[in-house]
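Biologist: Can you walk me through this one? I'm new to this, so please keep it plain.

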Amino acid sequence: MIPAQGTHLAEFRRTADAGNSYTTTMRVEAWDDEGLPMVVGKNGLVLAQAIEGFLGLRKNEETIRAVIPGGGWRVRVKNTKDTWEEFVVAWVIDHDGWATPLTPQWSEPDKMAPIAGPAEGDVELLPPQAGGGAAVD
């Protein structure tokens, strides 16, 4: 077995309750000794072809291209209860050039998380302050 690098997705045809079909994907986690794709099944890794509806493989274009320092940027998050600011620790640049800010995940100090979107409140990006002052309220 050869570990995969997240470069491919296995595609599957599914059928919804109303009889409409749609396509889903699963990340290829490994390649077997013959080079066949393996995905996570109920009890571990299984051959993608063994799962009903397997269509084939496609290149995973949703990969991280770069991670760059936060550069003094901050985010202001407003929800129904509070408003707070946090530093952007880093920016994750994806395959399309989109930048997603990462902020500290205070519940797990050794981890960072992408900033929450509108589902968790309004998010405003704040540029670095002139003169280098970057204090967070």
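Modeller: Let's start with a term. A salt bridge is a side-chain nitrogen of Lys or Arg within 4 Å of a carboxyl oxygen of Asp or Glu.

Biologist: Okay. Which residues are linked in a network of salt bridges?

Modeller: R74, R76, E85 and E124 are linked that way. One word on the source: this is a predicted model, where local features need pLDDT of at least 70, side-chain atom pairs count only at pLDDT 80 or more, and totals for chains, interfaces and linings use all residues. Residues are numbered from 1 along each chain as its sequence is written, and side-chain values use heavy atoms, with hydrogens and water left out.

Biologist: Got it. How many salt bridges does the structure hold?

Modeller: It holds five. In one of them, the side chains of E85 and R76 meet at 2.7 Å, N to O. R76 also forms a salt bridge with E124, and there the closest N and O atoms are 3.3 Å apart.

Biologist: What does that R76 and E124 pair tie together?

Modeller: R76 lies in strand 9 and E124 in strand 14, so the pair ties together parts that are 48 residues apart in sequence. Strands here are DSSP runs (E, at least two residues), numbered from the N terminus. Helices are DSSP runs too (H or I, at least four residues).

Biologist: Is E85 buried or exposed?

Modeller: E85 is buried, because its relative accessible area is 9%. The cut-offs: buried means under 20% relative accessible area, exposed means over 50%, and partly exposed is in between (1.4 Å probe, protein chains only). R76 is partly exposed at 25%. E124 is partly exposed as well, at 34%.

Biologist: Let's zoom out. How many helices and strands are there?

Modeller: Zero helices and 14 strands. Of the 137 residues in the protein, 25% are buried.

Biologist: What holds strands together in a sheet?

Modeller: Strands of a sheet pair through backbone hydrogen bonds, either parallel or antiparallel.

Biologist: Over how many bridges do strand 9 and strand 10 pair?

Modeller: Strand 9 (residues 74-78) pairs with strand 10 over five bridges, in the antiparallel sense. Two strands count as paired if DSSP finds at least two bridges between them. R74 has F87 of strand 10 as its bridge partner.

Biologist: And strand 8? How many of its residues are buried?

Modeller: The number is zero out of six, so strand 8 (residues 64-69) lies largely in the open. It pairs with strand 11 (residues 90-94) in the antiparallel sense, over five bridges. There, I64 has D94 as its bridge partner.

Biologist: New topic. Which residues form a nonpolar patch on the surface?

Modeller: M1, V40 and L45, with about 280 Å² of accessible area together. Patch residues have over 30% relative accessible area and no salt bridge; like charges are joined within 9 Å, and nonpolar side chains (Val, Leu, Ile, Met, Phe, Trp, Tyr) within 5 Å. L45 sits in strand 6 (residues 44-47). At 36% relative accessibility, L45 counts as partly exposed.

Biologist: Last one. What is Y22 in contact with, leaving aside its neighbours within four places in sequence?

Modeller: F12, R13, R14, T15 and A16. Contact means heavy atoms within 4.5 Å. Y22 is found in strand 3 (residues 21-27), and at 39% relative accessibility it counts as partly exposed. The C-alpha atoms of Y22 and F12 are separated by 8.3 Å, and the two residues are ten apart along the chain.

Notes. Areas by Shrake-Rupley, 256 points an atom, 1.4 Å probe, with all protein chains shown as cover.
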